Amino acid sequence: MSSRETLVKEIIARDRKQFLEDVRLRPPYKESESKVSESDPSDTKILADFTEYNPLHKGHLHCLMEAKKKVPEGIFVAVVPGLFERSGRGLPYIMTRQARAEAAIAVGADIVVEGPPMGIMGSGQYSLCLAKTFQALDADYIPRGYKRDPEFEILLEKIGKGRGIAPKPYRMVDMENGEVLLKGRLNEDNYVIVSLSKSLTKIGFNFQDRFIFIPRLEGISGTIIREAVVSGVLESAEEMLPTPTINILKVEMEKGRAPLHQLRDEETILHVANNATVPDLKSFSLVDERTIENIIDKRPFNTVNEIKNCIARGFSRHHTQRVLSSLEARIDKDTMHRYIENYPSTIRILNYKNKEVLREFKKRISHRRLEICQ
């Protein structure tokens, strides 16, 4: 087993333990009390942006800098997905969240906090957790990059005014009056905005005039960046990556901590698929009945690819990878629901610009339990 494979296994084991500890923690306040009290000594504005930074490229940097131009005295808080290091597509990240947080601070973010464990959740679940994160941070502004589309503008206008829009199969619906505002599918960046508006509405967070919509910078290719990382020739993607990202990636690769995006804890996945009982498999998040039938019928397995062939097609094209992430993490549905109900029990700070910014941030969200990750 290589050093990177060992690292991945250690991350999954450590994060599973942390996840289960989080389930037992209760938020230090009731949701209705989440607003910072009038006696709070800090009036600093918080810009909270959720971004995977996988890795941080010039499109991310563009969004960060444009948001800071609009609120120059604010604290830019980057919410970076955390536990289990799996993306919304269910795929492993190129670098650990600690390295991604380091890159965010290096290019201008003020605070980086740990976001929800996207890869082991359904899209609606992690959208709800994101909404709860923005509520917990009491975000004054939410910068979001989007892909220009004339038909999407009507949705941006309504969301900007605080109206929730529900994404339904092939249509977008106004949550207030049920009007179908747009038919068809949305670009992924645009879909995230709509889904987030729905989740913010569900938890009762007033987001009127809080979104900062920033047109996405074109010419950034995740495929080219990943190829550059795999080849080790990061200079081939230097037009797309800020220098700090390249430097941090090089250090992580030299230390055997990157790239990780092609690695899984295959030993655990195979053990679960080969040995779990039917009730155990039924309890796991994202694992459906058809997949369970296929696993029981086809086992024993010798490779993860054999398991992938047993996973039934889902509504999302990322369903297969999410199921693999669920088998890695081994989190049951009931535990997941309790986790989401209490989320976030703790705001984990992955990195910060300096002690002055950290002090101001603590004053700004003094109603929350904070933890600084070492």
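1. Starting with the strand pair: β5 and β6 (residues 171-174) run antiparallel and are joined by 4 bridges. Pairing here needs at least two DSSP bridges between the strands, and strands are DSSP E runs of at least two residues, helices H or I runs of at least four, both numbered from the N terminus. Within this pair, isoleucine 165 sits opposite aspartate 174 of β6.

2. A quick caveat: this is a predicted model, with local features needing pLDDT of at least 70 and side-chain atom pairs counted only at pLDDT 80 or more, while totals for chains, interfaces and linings use all residues. Residues are numbered from 1 along each chain as its sequence is written, and side-chain values use heavy atoms, leaving out hydrogens and water.

3. The open sheet has 3 strands in the order β5-β6-β7, with antiparallel pairing. β5 (165-168) and β7 (180-183) are the edge strands with a single partner each, so one side of each has no neighbour in the sheet. The twist averages 20° from one strand to the next.

4. Angles run from 0 to 180 degrees between N-to-C directions, with axes fitted to C-alpha atoms, for helices over the stretch in contact.

5. Leaving aside neighbours within four places in sequence, phenylalanine 19 is in contact with Leu83, Phe84, Pro117, Ile120, Ile331, Thr335, Met336 and Tyr339; contact means heavy atoms within 4.5 Å.
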